[in-house]
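Work through the exercises below with the model in view. Try each task before you read its solution.

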Amino acid sequence: MTALRQRKGGRGKEPPLGAEFQSQQSNCCSDHHPENILHGDWSWGVIIWTSVGWSVSVGLGLLCCIYMATLHENDLWFSNIKEVEREISFRTECGLYYSYYKQMLQAPSIQEGLSDLIHDNLTESKRTINLLQRMNIYQEVFLSVLYRLLPIQSYLEPVYFYIYTVFSLQAVYVIALYLTAWLLSGSWLAGTLTGIWYILNRVDTTRVEFTISLRENWSMPFLALQVTAITCYLRPQLTDLQQKVMVWLMYVTTFCFCLTWQFNQFILLVQALIIYSLDCLDFLTTTQVTTLYLVQVSSLLSVWLLQFCNSMILGSLVLSFIVAALFIRHCQSGLKTGSPLVRLGRLLLHSAMVLLLTVTINYLAKKALQLRSDEHIFKFIKSKFALGPTRDFDASLYLCEEAFGLLPFDTLERLAGTLLLYPYILTLLVLSGTLAVAALHNLSRVKGGAAEERKGAVEGRAGALRPDVAYNLLHTLFFGLLAFSTMRMKYIWTGHMCAVAAYGVCGKELWTLLLSTLRCNSKVLLRLVRYAVPLLVIACLYYKFWPKLMEELSELREFYDPDTVELMTWISTKTPKRAVFAGSMQLLAGIKLCTGRVLTNHPHYEDKDLRERTKQVYQVYARRSPEEVYDIMKAMGADYVVLENSICYERRHRRGCRLRDLLDLANGHIMDGDGENDQDLVPATHPRFCEEVKTDAVSYTALFTRTFQNKTFHVYRVKKKRKKSTKSSPEPSTSQQQDQAL
């Protein structure tokens, strides 16, 4: 619909960790590690190298920010298009989120703006909902308040304040990944390589330049900062004060991450599983495990309070899992004692008990809260792995989108083209082998009491895997599996992938193993290759990609979507301000932003009643009688229905995945076109509404009046009352009865 065209023109109170391990850490810190100053090393060499490292991190962050902003400007010619075109460029749900920022700025006062969000009756017709409870829009509220308070209105437009903030968060994201690689490897060259890889793999690491207000673009930088804080917290030789600071940083970053993305509970569930795995394999102390769990719980509960006691949070799997894990761990005090086989058996029993208790707690919580808002996610998972019905409408909406399919092979080809994939795989193999050896050693070790417990997983032996490295290894493995199963999740994986690969290139572990295998290991040679190889990789990347980046930045396009602009202009000037519009979720989000009209449904799909409502509104693309569609629209309070040719005559998806096919399957009707149909499907008794209404047959014109049309859109006004000559269906369908009950 929208087109782009070429423009014209270690802890202080804990016992020692072993001589060899301390020697390894001191060697690591002797380079230019960011912790050196924290440990009191104020030599000029350390100060200079640390300052250079921080300066490079900020420079790379700003470079990424400017790069993304320039691409956005070049693609849309954002500074020269009309305001309505700027707003249309906020596609799908992005437009819905941005509309609340705009609404807050247009409110007479901050207090009235907040009141309108808490008692909103524009987003869903015939309903008053609390948007701060239902949606993660505190970032829009915060930015609108900040814009109103700061003296910048005279020289910075609201839309630029918004998009510049999001692009600035990309700088924070790159700096966080940079610091993670620096902490792991002890060399800020690893951070530099991380930032360069992130920028060069922009297609697979972010989509911020064309989906600015998407929730993940707000939350991912905070997730990266949280991983950095966890990495620092799990490092040895931290003082009590430094530990407390890291705990608070973990809490703040986790809180910000949870507050800005509705899918936070699923990401935190993966993190909780990582912590659980490290606990079972004895890489973390009891204190560390408990602290990490409590940080997650406290962050979620803080968001729960801010979101007016949102029941989805209390009914989340991650809370149920953490409660179960802590309870079972407390009950099984002798879990890490006995022979290796006994310990392994206890771990399996422990895991089974945690799983059973998690399911029980979650089931009881959802029953008590009457929670069904997130059931579409579990339907999607069941359908994706063929564990449930494959004809469910909500699950099929996800399954038929490429973003929710398996990771395409060309993603790996692109990652290999930037020299990222190969060191990543090698690092993964070496660290996984080290993890397996260390885990076997931990399981076979006889635990000797309190002092041994305080040591945790890190032993004074060569080849021991540090807890921070083990955490990051499992982080990239777990989220990598998630990315391969669902392509949209790759953005969580690929950024961290850059940091892990850079750690492999600049860290000591891989090079020590390689040089030892070649029998030429020495400190001088080790330091030489650790610096020479990353510099060589950076030089190769510069030679190969700098001309391409310059060419990309020189490509100038402009926003071009005259049909949508015409539609929005007509709605703004020719329809009542309180008119209610029905249509596709994506289009209605734009109508809400550009015109402020009332909607019947919208793209924020995290509510069961809204999903049912959306399915009913979409019956305009199904084979339903005009009377049935009319009753649906009246039940929703709709005054106008917007039909899109791109949906009615869709060719983007294959047969069985077009929206009209999903509706036919849900209604039990045979699908259009050649191909097989399930035996229980029957022919529809009515033609497809979106096609037949355009013929102006009497049965349709008696209920709907065409008021606007162009090459893309047809708008019909729903008449107030049926004419006497129009007869209702003698036996309304089940879905119609449900609509009338709304």
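**Exercise 1.** How are helix 16 and helix 17 oriented to each other?

*Solution.* This is a predicted model, where local features need pLDDT of at least 70, side-chain atom pairs count only at pLDDT 80 or more, and totals for chains, interfaces and linings use all residues. Residues are numbered from 1 along each chain as its sequence is written, and side-chain values use heavy atoms, without hydrogens and water.

Step 1. Find helix 16 (317-331) and helix 17 (340-369). Helices are DSSP runs (H or I, at least four residues), numbered from the N terminus.

Step 2. Take the angle: the two helices pack at about 135°, with axes 8 Å apart. Angles run from 0 to 180 degrees between N-to-C directions, and axes are lines fitted to C-alpha atoms over the stretch in contact.

Step 3. Classify. Under 35 degrees is roughly parallel, over 145 roughly antiparallel, 65 to 115 roughly perpendicular, and the rest oblique. Helix 16 and helix 17 are therefore oblique to each other.

**Exercise 2.** Which residues of helix 16 and helix 17 meet?

*Solution.* Contact means heavy atoms within 4.5 Å. Helix 16 brings residues including Leu317, Phe321 and Arg329. Helix 17 answers with residues including His350, Leu357 and Asn362. The contact divides into eleven nonpolar, four polar and one charged. Nonpolar means Ala, Val, Leu, Ile, Met, Phe, Trp, Tyr, Cys and Pro; charged means Asp, Glu, Lys and Arg; the others, Gly among them, are polar.

**Exercise 3.** Which helix gives the most to the lining of the second largest pocket?

*Solution.* Helix 13 does, with six residues. By class, the lining has 23 nonpolar, four polar and one charged residues. A pocket is an open set of points on a 1 Å grid over the protein atoms alone, where a 1.4 Å probe fits, with protein on both sides within 12 Å along at least five of seven lines; lining residues have an atom within 4 Å of a point.
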